[in-house]
Amino acid sequence: MSDKIWLSSPHMGGKEQEYIQEAFDTNWIAPLGPNIQKFEESIENYLVQDKHVVALSSGTAAIHLALIMAGVVLDDEVLCQSFTFSASVNPISYQGAKPVFIDSESETWNMSPIHLESAIVDSIEIGKKPKAIIVVHLYGMPAKIDKIAVIAKKYEIPLIEDAAEVLGSSYKGQKCGTFGDYGILSFNGNKIITTSGGGALVCNSINDKERGIYLASQARDEAPHYQHSEIGYNYRMSNVVAGIGRGQMEVLDKHINLRRKNNQFYQELFKDIEGVTVFIEKNDDFYSNHWLSCILIDENLAGFNREDIRLALLKANIESRPLWKPMHLQPVFSTCSYFGTEVSENIFKAGLCLPSGSNLSELDKEFIKNCILEFIQSVNN
Ligand SMILES: *Cc1c(COP(=O)(O)O)cnc(C)c1O
């Protein structure tokens, strides 16, 4: 249905097709060309911090390359936030390594530094030091990345920052994705900016960037004939879709402001509704792009649960979605170790993501508001 209100849908800025046309006009219809370079440069300039960016076919590919570059191989252990989308974890399995899941803390919903450190201490005690840490910043909210970076340094374990949902978010003024040894970004269709599908690896050195490009382009040695000394991948971004990325970078900050306004809209809407809290930054150290606005519902106080409200919205053709189901509760990862309590599990049970696109109109919001107020009223009667 055309008038469905989506959780988060693509929002073009206007210049994207011009840059795609450039690719056609110059015949750079390939996984290399000027759009890729310019897109990478625009991300590097945006992140500041002297980073080196490799544009790739997906965020998942970026995580895979980060693990390879961190030296993760068969039977290694990788510590990973449990509360996340499966794409954060799957590449650990691609390497034949084992995920060890870490619970979240309740202020940012992201990795608990306390459980992270006990997992590390535990692994070292049994002689199996983890080979990498994957911390995820969910829904736009920066993790307690300063504490996590200190722990990673202390134990000398490479830190991979899954920043797929936080482009433009920052912690103490520093952009998410720039704290770790590697950062990863996603430009999938529902992310804050999109290239229809795509991702990027954020590196600390030009050497790492060159190695990333080499691995992403079938690991060809320097020789006129095709010679290979390592296993390679076909993970580079296409120069056509990089044109979309160039256009999207021009409107990123504008779109962040719009998403933050959506969050304010929900704060206003729920402020007098008992048992419902909108997820916001704990203090000024955290700056969220509010990719998705989320609520937690205390069923005892509210008199309804997240499924009740989700189904009521669905009836009105409004998409909403439960939060990520923690990975330690997923059938596919049921044999993996887990460090934590029930923080992420409880957030999962009580939470819901609401429509958050930067292209939500005032009319859309009015409609959402009326549906929610009507629903609340029907519960109270
Ligand atoms: C979207 C997403 C990814 C994967 O990115 P793709 O570009 O879809 O491969 C990884 N991690 C998180 C947390 C995501 O939300």
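An oxygen atom of the ligand lies 2.6 Å from a side-chain N or O atom of Glu165, a polar contact (a pair of N or O atoms within 3.5 Å). The model behind this briefing is predicted, so local features need pLDDT of at least 70, side-chain atom pairs count only at pLDDT 80 or more, and totals for chains, interfaces and linings use all residues. Residues are numbered from 1 along each chain as its sequence is written, and side-chain values use heavy atoms, with hydrogens and water left out.

**Around the ligand**

- The side chain of Thr60 also reaches the ligand, with an N or O atom 2.5 Å from a ligand oxygen.
- Gly198 takes part through its backbone, where an N or O atom is 3.4 Å from an oxygen atom of the ligand.
- The protein buries 95% of the 380 Å² that the ligand exposes when taken alone (Shrake-Rupley areas, 1.4 Å probe).
- In total, 15 residues surround the ligand (a heavy atom within 4 Å), and the closest are Thr60, Asp162, Glu165, Ser186 and Lys191.
- This shell holds 8 polar, 4 nonpolar and 3 charged residues, with Gly counted as polar.

**The sheet β7-β6-β11**

- Here 3 strands make an open, antiparallel sheet in the order β7-β6-β11 (strands are DSSP E runs of at least two residues, and two strands pair if DSSP finds at least two bridges between them).
- At its edges are β7 (174-175) and β11 (286-287), each pairing on one side only.
- Strand β6 (residues 170-171) runs antiparallel to β11, and 2 bridges join them.
- Ser170 stands opposite Tyr287 of β11.

**The sheet β10-β12-β15-β13**

- A further open sheet has 4 strands with antiparallel pairing, ordered β10-β12-β15-β13.
- Its edge strands, β10 (276-278) and β13 (321-322), each pair on one side only.
- Between β10 and strand β12 (residues 293-297) there are 3 bridges, and the two run antiparallel.
- Val278 faces Ile295 in β12 across this pairing.

Key. Polar contact = N/O pair within 3.5 Å; in protein donor to acceptor, adjacent residues only side chain to side chain.
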